[in-house]
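Trainee: Hi! Could you walk me through this one?
Mentor: Happy to, let's open it up.

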Amino acid sequence: MKFNNKMRISALFLMLFLVFSSCTKFSDSYPTEFKESVKEINGTWRIIKASRNGTDITAQFDFSKFKLSFNSDKTYKIENYLPFLVKSDGTWSLDDPHYPFNLVFKENGSVDTMISGFNYPIVNGKRQISLSFSPGCQSNIYTYVLEEVSN
Amino acid sequence: MNHNLKKNRIWKIAIPITFVSLFIFFSCVFLDSIVYEPTATAGEKATFTMKVRLEPLAAVNDDRLVVAFLVPKIWKAAANTKVTYTSSLYTGSIRTMSLIPSGTLPKNAAGLTWEAALRERFGFGPNVLDDMEWLVYWSDDMESVTVRENFTADVKIETKTGPENMNVKLGFFVNHTDDGFSGNADHYKVLYTDCFQVINGEGIIMDFCESHFNMFQPSNVTKDDIATIKFQGGIAPNALDGEEEVYMCATAYTNTGNAYEVVDRSEKSKMIKDSHNGKTFSLTLWLGDYFKIPQDESISRIEYYFTNKDGSKAVKEVATDGTVSLFITPCICK
C-alpha cells in the first residue's frame, strides 16, 4: 500500500516535471530572420540599353562612352556626359536602402535634388540598374539600363 | 456494340461541356462607330462618341467598362478630358468614367499596365509619328450583367485640342475589366478616325496622318533632348533615289537670333540607312551637342535638307505651288 502511495507521488512529480520542462522556451541556435539586403550600387556603370518614350534608340546613337560611378562615400562621378538627369558630379542616395524606388542625385554646389525612377533587376546573372528621367522636355521620358563595368 | 456505347457516353459528356464552355467564354464587345466632327478649332473642345454594343453570353458580376483614347501627347488630354456614357441598361441616366489609376494591371496582360499593353499591341495606330499616348478610363460604377442581356452604350469623350495646327488619326478602344485585355478579339475592339484636323492654331501643320520626306521625333524637344531625324526616300521618286550615302545639312536657330550650322557633309552628318534595301535614312543626335549651342541659349527651330556626298543632289520641301524651301521643325516644349 505504502509502495503504491510512493509510486503515485513519484509519478505525480514526474508528470509535473515533464509538463513544466515541456514549457521551456525553445532556443534556435540558427535563427532565420529574412531581411531584404541593402542594395549595393557602388562601382562604375555603362549604358547597355537606352529608350526614348518607349522606343529603343540604343543602336542609333553612341552611348558607349558614358560612365557613371557610384562611390562608397556616396559621391558619384559622370564621365563623357550625355543627356542625363544631372550634368555634374555630386552625391547620391537611395530613398530606401532595402526597397528603393528612387535614386536621388544632388549636384555639387546645388541645393536641389534630382530624383530618378530606379529599378535593380538581375538579368542573365548580371545586376542591372534602370533609371528613368527627362533631361530635356518633360514630355520625353528616357530610360537608361546600366550594367557594371567589369574590372 | 460496347465500343458504340462508349462513344455515345463520350458524346453525352462532351456535348454539354462544349456547350457550357462556349456559353461561359463567348461574349462579344462591338465598337460600331465613332461619331465626331472632322475638324476642330485649336484650343477648343472636341467631342467623340463611341457607339458600343455588348452581347454577354454569361452572367458577370462587378465588371467595369474600359475605354481608351489615343491622342497626341501635346494635347495634355489627361487633364482636359471628361468621359461619360449613357446605356440602354439605365435609360436617361448619365454615368461617369475616370482615368484608371496609374499602375493598374489588367487581369490578363502579362503584368503590363493598361497603357503599356495598349502601346505594345497597337502602338500609335495608323499614325506616322509616335508622340501619342493611350489614356485609359473605366466606368466608376461596377456593372452586373445577366446572361443574354444585350445592351448598348454611347461613350462620350469631351476633350480640348492643343494649340497647334494638326492632322491626326485618333484611336478608340473598348474592353472590360473581367476580360482584362486577354487578347481575344471578341472582347475588345479598336477603331481609328479618318484624318482629324485641328485648324486655326499655331505654326505649321503637325501631320501625324501622312508620311513626308522628313520626319523629326520627338515633336517636343529642347537642346537637351536626343532627337531622331529621318529622310524617308521611299514615299515618292526624288533626287536621292539610288544614293547609298545621304547627309543632313542643318542649321539651328536660337532664341538670341544666332544660327549654328552643320552643313559640311562629314561623318557627323552622315545618315544611317535603316534597312539594306530601304530608302529611309536616319540620324539620331543630341541637339545641344550636335549644333554646339551655348549654355545660355535655347534652340527655337531647325532648318534642314538632305543631300548626297558631293552636294550635287538634294531633297528639300516643295510646296503645292512648287515653291522650294528647307524643311523647318520648330523646337517647342509644352
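Mentor: One term before we start: a residue is called buried when its relative accessible area is under 20%. Also keep in mind that this is a predicted model.

Trainee: Got it. Are Phe69(B) and Phe172(B) buried or exposed?
Mentor: Phe69(B) and Phe172(B) are both buried.

Trainee: How are the rings of Phe69(B) and Phe172(B) arranged?
Mentor: For a pair of aromatic rings, we give the distance of the centres and the angle of the planes. Here the centres of the Phe69(B) and Phe172(B) rings are 5.3 Å apart and the planes are at 25°, so this pair is stacked. Planes under 30 degrees apart count as stacked.

Trainee: And where do the two sit in chain B?
Mentor: Phe69(B) is in strand β5 (residues 65-72) and Phe172(B) is in strand β12 (residues 171-176), so the pair ties together parts that are 103 residues apart in sequence.

Trainee: What about Phe122(B) and Trp134(B)?
Mentor: They make a tilted aromatic pair, with 6.0 Å from centre to centre and 50° between the planes. Phe122(B) belongs to helix α2 (residues 114-122) and Trp134(B) to strand β8 (residues 132-139) of chain B, so this pair ties together parts twelve residues apart in sequence. Phe122(B) counts as buried because its relative accessibility is 16%, and Trp134(B) is buried at 6%.

Trainee: New topic: how many residues does each chain bring to the contact?
Mentor: Chain B brings 20 residues and chain A brings 19. Together the chains bury about 1600 Å², with 51% of that on carbon and sulfur atoms. On the chain B side, Asp224(B), Ile226(B) and Trp286(B) supply 37% of the area buried against chain A, more than any other three residues.

Trainee: How many salt bridges does the rule find across the interface?
Mentor: It finds one. The side chains of Lys87(A) and Asp224(B) form a salt bridge, at 3.4 Å from N to O. The interface also has twelve residue pairs in polar contact. Two strands of chain B, β17 (226-232) and β21 (280-286), each supply at least two residues of the side that touches chain A. The residues of that side of chain B split into seven nonpolar, six polar and seven charged.

Trainee: Back to Asp224(B): where is it found, and what does it touch?
Mentor: Asp224(B) is in the loop between β16 (214-217) and β17 of chain B. Leaving out residues up to four places away in sequence, Asp224(B) touches residues including Pro83(A), Lys87(A) and Trp286(B). Asp224(B) counts as buried, because its relative accessibility is 16%.

Trainee: Which non-glycine residue of chain A has a positive phi?
Mentor: Lys74(A) has one, of about 70°. Lys74(A) is in the loop between β3 (67-70) and β4 (75-79) of chain A, and is partly exposed at 41% relative accessible area. In chain B, Ala110(B) has a positive phi of about 50°. Ala110(B) lies in the loop between β7 (90-99) and α2, and is exposed, with a relative accessible area of 79%.

Note on methods
Residues are numbered from 1 along each chain as its sequence is written. Chains are lettered from A and ligands numbered from 1 in the order in which they are written. This is a predicted model: local features need pLDDT of at least 70, side-chain atom pairs count only at pLDDT 80 or more; totals for chains, interfaces and linings use all residues. Side-chain values use heavy atoms; hydrogens and water are left out. Contact means heavy atoms within 4.5 Å. Buried area is the accessible area (1.4 Å probe) that two parts lose on being put together, summed over both. A salt bridge is a side-chain nitrogen of Lys or Arg within 4 Å of a carboxyl oxygen of Asp or Glu. A polar contact is a pair of N or O atoms within 3.5 Å; within protein, one must be able to donate a hydrogen and the other to accept it, and residues adjacent in sequence count only if both atoms are side-chain atoms. Helices (H or I, at least four residues) and strands (E, at least two) are DSSP runs, numbered from the N terminus. Ala, Val, Leu, Ile, Met, Phe, Trp, Tyr, Cys and Pro count as nonpolar, Asp, Glu, Lys and Arg as charged, and the others, Gly among them, as polar. Buried means under 20% relative accessible area, exposed over 50%, partly exposed in between (1.4 Å probe, protein chains only). Rings of Phe, Tyr and Trp (its six-membered ring) pair if their centres lie within 6.5 Å; planes under 30 degrees apart count as stacked, over 60 as edge-to-face and the rest as tilted.
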